[in-house]
Amino acid sequence: MSLAVEDLRVYYRTLRGDVRALDGVTFSLADHEIMGLVGESGCGKTTLGKSLVRLDGRMRHVGGTVTLDGRELPIGEDARMNEFRFAEVSVVPQYAMSAMNPTRRIGRMVRELVGSRGIPFASVRSELDRRLALVGLDAEVLERYPIELSGGMKQRMVMVISTLLNPSLLVADEVTSALDVSTQRAVATALAGFRDRDLVRSMIVISHDLSLVYQIADTVTVMYAGRLAEKGPTEVIVERPRHPYTQLLISALPEVGVRYGGKRLAGIPGSPPSLRPPPPGCRFRARCPLAYGKCAEQPPFAEIEPGHAVACWRAS
Amino acid sequence: MTAPEPVSGESGPEVAAVPGVATVRGTGVRREALYFAVRNRKLVGGLAVVVVFLLAGLVGPLLVGDPLAYVGPPAAAPSGEYPLGTTTFGQDVLAQLLHGLRATFLVGTVAALIAGVIGMLVGFTGGYRGGLVDEVLNMITNIVLVLPVLAVLMIIAAYLQVRDVLVQAVIIGLFSWPWVARAIRAQTFSLRAREFVDLARLSGMPVRRIVFREIAPNMASYLFMVFILLFGGSVLFAATLDFIGLGPTDGISLGLMLNHAKQWSAMNLGMWWWFVPPGLAITAIVGAMYVMNVGLDEVFNPKLRET
Amino acid sequence: MARYFGRKLLIYALTFFVAVTINWLIPRFMPGDPVRAMVARAGLQTPEGVAAMREYYSSLFGFDVPVWQQYLNFWGGILRGDLGVSLLAFPEPVTSLILGAVPLTLGLLIPAILLSWWAGNKFGAYAARKKVLDNAVLPVWYVLTATPYMWLAILMAWALGKVAGLFPVGRPYSASLVPEWSWLFITDLVSHWFLPFLSLFLVAFGGWAIGMRNMVIYELEADYAHYLSSLGAPPKLVRRYAFRNALLPQITGLALQLGVIVGGAVVTEIVFDYRGLGYLVLEAIKATDFFLLQGIFLFIVIGVLLANFVIDIVYVLVDPRTRAGMGGDR
């Protein structure tokens, strides 16, 4: 097991009180697992991704632990986390289009980045060229400025940089949302390729595009309002979802798996509750067609069969 | 004299992607802005300084006599009778200061309004229309932008044989708008692409209405900050013109006081009460406005708020 | 890139054209009669004298030919470098008076602009790193940038020159000396130069420092900065990138602020009786020497345009985006 997240709580500080963006999240990730993380925007999936790599200024680590390969990550301590970043946990950010310094040649930027982590550039140079070839980029791009690359090229370049030190965990946040459909597929394939070649041990793919997740993920985790709703193998989640929220998500899609790139999760009436602070009980209660009295109590995130966990009284 | 532009060009508080916080619009935003405004030390402090000087400029002249009359003993240091002393000719420095403040606020306000309106019109039109109209307007903007404004004002003012504060304000306003036009053009470009503007366009609203009903309100906070910067810049321009001898031919202004002090060797004679107050007043007003602007920027742009 | 420079040059050419046209238009279409004003100043008593003077000035302005020809003649004069004759130092040509004053002004302006820009950027970036320092110095910078140039100059001349007696005030060098390459003369020149330089420097410094601080804070929130931090890059590297990228808008800012700083130099020279262009401006205004004033105006415009062009070249050299693979559309 490469990653274990235990009761993770990360709040946003705002002047009107804490927003409980992650409120007790527990899951684990096996070696070689690609986990898709889905949910509506604002459900906390990006917060979860950031928590594993780098909290932004307003986030606060309130409780819970993250253990990677047996070592606990000091996610609340920015400076101590540096040792783990890039080499152990890495990220392909949402903003890959603007992730590279616009005024540096890409090669030089990589050299300076790698050098700043105390690794001689020469020692990774040949591997860098190999990886570029792997994603279909010419080594010549290193001599160029980011502005000279197309969107898909930038995306692939960022993927190569992020995975250069063979991280144990890669968080890929909405990697395809800025791309057109055909490029999306190439990028998704490249991501899976990194895992298949063992360049990345395990991966969390955050997306609100279920069809992308279906294409590359081994397991799918569904988040709702700061908590996990359901986690299970991709086939199971798509074909036999147990959480009413997951069921609505899936049925909102015309046909999962048939190439419906770009189809967004939508079509569930109502909107998620405020997390400042969240209402007691099951958070989906207000929108849930199956809600009943028991739902005033918060359901546990419990396994109903091996590898398939659901947080719903109706499921257990 | 450098006008520090607002840190952010952001208009309207983008409630950033904090999960679980529904985007608030309309009254919610306004109430939130007010909440932060009254708690922002920079904004409140700056505003207090400006208001004090504004009141002094509005009420003060009613309480003192003719600022140019020779009323007291010449070159007297500050005393009970003349709190800021007198000039070489026995004019009351306090009376000059109070009248000068009034002129300063007048110049700043009128020039800023003129430059603001021109800048907005040019910027909105170019940014919204695009195409050839934009090309031409942009070219004009760039030309006026590289023209050294002070030198142009110098020539115009020199040929005007009768100058008063209003005329000065008008010519300053006529040449200070280009950076405003540029900034607004850029913002209009980005706002134009937003959904709510598309919606208005699809529903057949005329261009003018779209700009003033949909685009301008979204930039209101930004326009307010632009006004403050224009005010500060205009006050400094006016003071500079006055100082080189192109100030109002009748009446008094803070820059003219400095001009007189220099002309009649107040420095050499050690008459500090003649040249310290007017410069201090300008610095305090303009400085307070700039600080206010920083405060406003923090209020309107949540990213800059200190948590 | 050729398109980029082509466009810039077109704007500068048009600006020059507009400036010359303003210069030509204003004496002709402003309310009031400049000739009468100048004649009145001469204080002649006899009507014959006044008439002769009128005629003389009218021909100087070139009022005796059709308007379109006046305009062409005006351009002709400018292209020949002939800006007319100064009334103040009659019969000295305006051009030679100005050329005599320009070196002093440039000696003040160029160091003040470059050093304030450099120092402002350094300190501004530094302040952006430290909250405590930032809170302490930012108000000071705002005060500096809100200070009228002439007032700071007056305060310095009074406090450091007259009261403390640290520096001489007035004139570029002591009246008893003649310009020569001697130690004595050079130290005298520098000691007279220092205060006007310092006051120009300080006001401009405040503006640059504020600009840099704001830009660095903005750049540190840019995506590339977050990405680097997410990959564990030390703050030092991130700040280095942010500083470099923040410099680019500061270069553009330099071009935009030139006119204002030149204005600052004019009033600073007036305060210190420093015999550069600013001093000439004051003298020309006092003596209603319109030819001289117009000549100075054109010189300032040309200087600012040249400086703008130099800045454009520098910008292209430091910002790869203007060069890299694009025809110059920015």
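Which residues of chain C does the UniProt annotation "domain: ABC transmembrane type-1" cover?

**View 1. The annotated domain of chain C in the predicted model.** The annotation, taken from an unreviewed UniProt entry, covers residues 102–311 of chain C. Over residues 102–311 the chain is 82% helix and 0% strand.

**View 2. The contact of chain C with chain B.** Chain C gives 58 residues to the contact and chain B gives 43 residues. On the chain C side, at least two residues each come from helices H1 (2–29), H2 (34–42), H6 (131–146), H7 (149–163), H8 (183–220), H10 (235–272), H11 (277–286) and H12 (290–318). H10(C) supplies the largest share of that side, twelve residues. Sorted by class, the side of chain C that touches chain B has 42 nonpolar, 14 polar and two charged residues.

**View 3. Surroundings of C:Ile154 in the largest nonpolar core.** This core has 271 residues. C:Ile154 is among those with the most contacts inside the core, together with A:Leu191, A:Val205, B:Leu153, B:Met154 and C:Ile296. Leaving aside residues up to four places away in sequence, C:Ile154 touches B:Leu258, B:Lys262, B:Met267, B:Phe275 and B:Gly279 of chain B, and C:Val271 of chain C.

**View 4. Residues 256–266 of chain A, where the pLDDT is below 50.** For chain A the mean pLDDT is 86, and 95% of its residues reach 70 or more.

Notes:
Residues numbered from 1 in each chain as written. Chains lettered and ligands numbered in written order. Predicted model: local features only at pLDDT ≥ 70, side-chain atom pairs only at ≥ 80, totals over all residues. Core = buried A, V, L, I, M, F, W, Y, C linked by C-beta atoms within 7 Å. Buried ≥ 20, exposed ≤ 12 C-beta atoms within 10 Å, placed from the backbone. Contact = placed C-beta atoms within 7 Å. Helix = DSSP H or I, 4+ residues; strand = E, 2+ residues; numbered from the N terminus. Nonpolar A, V, L, I, M, F, W, Y, C, P; charged D, E, K, R; others polar. UniProt positions renumbered as here; feature names shortened; annotations may be inferred. pLDDT = per-residue confidence, 0-100.
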